Amino acid sequence: MSLFLTLLYVFLCNSVSLSSSLSLHFPLTSLRLTTTTNSSSSSSYLQTSLASRRNPSQSSSSPPYNFRSNFKYSMALILSLPIGTPAQTQELVLDTGSQLSWIQCHRKKQKPTTSFDPSLSSSFSNLPCSHPFCKPRIPDFTLPTTCDSNRLCHYSYFYADGTYAEGNLVKEKFTFSNTQTTPPLILGCAAESTDERGILGMNLGRLSFISQAKISKFSYCIPTRSDRPGFTPIGSFYIGENPIARGFKYVSLLTFPQSQRMPNLDPLAYTVPLQGIRIGQKRLDIPASVFKPDAGGSGQTMVDSGSEFTHLVDVAYDKVKGEIVKRVGPRMKKGYVYGETADMCFDGNNPMEIGRLIGDLVFEFGRGVEILVERQRLLVNVGGGVHCVGIGRSSMLGAASNIIGNVHQQNLWVEFDVINKRVGFAKANCSRSIP
């Protein structure tokens, strides 16, 4: 399914670049994913030190990781952004858990409007193999690249959920208007991929969109999902200042020096100091150390818009499941595991009743900062009359991290203040957040 949204602009300066007072607004849609893969190719190779849905693993004719997972995220956050000169509207998955942005180029099986045509853009250029970024081991971009037959920089990625993309690294502008453009950014131009859409990489790496475009902050408001046929709730995404959100409560990001290399740590993720989890009025007996990186990096807690479900390391997951079993254990669907990671699931058409029995779910960050998942939104419809608590076991992803997914970021303004190294949360009705 492809959806193109009307682009909304808020222009606060007249220079041909992005200014410090920037405030650009775009509709944000939570859409069910469709891919061009068949069921036999849905498994993926995982890099066990990286947990995000969109963290790519090293790719070659013989991938070095032999862990396979059939887990496939079903929902993604979609933006439509103008790229090139003149602008061509491209649909991209908003992903705070990965670095390289890439667009669809020349997808012959898709409608012409769904892919980017480099020949129509005067600002497009290919990245030659001699470019410094076309090297296998720069500090924060460790995926190997190769030279193709035309001496252009070629990339090939597998992602943790089975997404695959390959093509050339290129330079291209995001053209928000005649007076608001980015400089040429390094992007992937995918000639082959399993997704219909590209990816907007928003992590802290130097090749991410925010780093290359020098964006100091961005924010989004994810609408609640709707099972109503033909109805797609629309939320909001801001690049720069957010003029309508109020009441942010901030947590400082945990940062890691580039020299601090740990095998299970993603130093470019938005790592937050999760301190505990409550269910109803009960604070679970989970050691705080479970949510912080240990000497090897295990236990990192990250905020990831590109992951659908929240995933917890085994100690935390077992405590959450144990409490839910106490409250509604006899009603759980026995022997059922959604996506090989989530086994707190229920049959029937009354998820509100199950949510009422379990109570609210709260992620605590200290100093009064928390993410509240109200009981009426606790269960996620996964199809076939089954509803699951939106939490999976991260070890089943081959990961050693805690990941706060987008299902638990609904009806919140989430602001990533990159300059001040903090993340803010503010309660909102995101389906009504468009100005």
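Asp95 sits in strand β6, which covers residues 88-95. Keep in mind that this is a predicted model. Asp95 is also one of two residues, along with Asp304, that an unreviewed UniProt entry annotates as "active site". The two are spread over 210 residues of sequence, yet they cluster in space, with a largest C-alpha distance of 6.8 Å.

**The annotated pair**

- Asp95 comes out at a relative accessible area of 0%, so it counts as buried, the cut-off being under 20%.
- A polar side-chain atom of Asp95 lies 2.8 Å from the backbone nitrogen of Gly97.
- Asp304 belongs to a loop, the one between β21 (301-303) and β22 (310-312).
- Asp304 is buried too, at 0% relative accessible area.
- The side chain of Asp304 makes a polar contact of 2.7 Å with the side chain of Ser307.

**A three-stranded open sheet**

- What is the strand order in the open sheet of 3 strands? It runs β23-β27-β26, with antiparallel pairing.
- The edges are β23 (345-347) and β26 (379-383); each has a single partner strand, so one side of each has no neighbour in the sheet.
- On average, neighbouring strands here are turned by 35 degrees against each other, ignoring direction.
- β26 pairs with β27 (residues 386-389) over 4 bridges, in the antiparallel sense.
- Within that pairing, Gly383 has Val386 of β27 as its bridge partner.

**Salt bridges**

- The count comes to 16 salt bridges.
- One of them joins the side chains of Glu91 and Arg197, at 2.9 Å from N to O. Glu91 is in strand β6, while Arg197 is in the loop between β14 (185-193) and β15 (198-201), so this pair links distant parts of the chain, 106 residues apart.
- Are Glu91 and Arg197 buried or exposed? Glu91 is buried at 8% relative accessibility, and Arg197 is buried at 3%.
- Arg278 and Glu364 form another salt bridge through their side chains, at 2.7 Å from N to O. With Arg278 in strand β19 (residues 276-279) and Glu364 in strand β24 (residues 361-366), the pair ties together parts that are 86 residues apart in sequence.
- Arg278 is partly exposed at 21%, whereas Glu364 is buried at 12%.
- Arg393 pairs with Asp318, their closest N and O atoms being 2.9 Å apart. Arg393 is in strand β28 (residues 391-393) and Asp318 in helix α2 (residues 314-328), 75 residues apart.
- Arg393 is buried at 17%, but Asp318 is partly exposed at 42%.
- Through shared partners, salt bridges join Arg278, Arg283, Glu364 and Glu370 into one network.

Terms used. Residues are numbered from 1 along each chain as its sequence is written. This is a predicted model: local features need pLDDT of at least 70, side-chain atom pairs count only at pLDDT 80 or more; totals for chains, interfaces and linings use all residues. Side-chain values use heavy atoms; hydrogens and water are left out. UniProt positions are given in the numbering used here, feature names are shortened, and annotations may be inferred rather than shown by experiment. Helices (H or I, at least four residues) and strands (E, at least two) are DSSP runs, numbered from the N terminus. Buried means under 20% relative accessible area, exposed over 50%, partly exposed in between (1.4 Å probe, protein chains only). A polar contact is a pair of N or O atoms within 3.5 Å; within protein, one must be able to donate a hydrogen and the other to accept it, and residues adjacent in sequence count only if both atoms are side-chain atoms. Two strands pair if DSSP finds at least two bridges between them. Axes are lines fitted to C-alpha atoms, for helices over the stretch in contact, and angles run from 0 to 180 degrees between N-to-C directions. A salt bridge is a side-chain nitrogen of Lys or Arg within 4 Å of a carboxyl oxygen of Asp or Glu.
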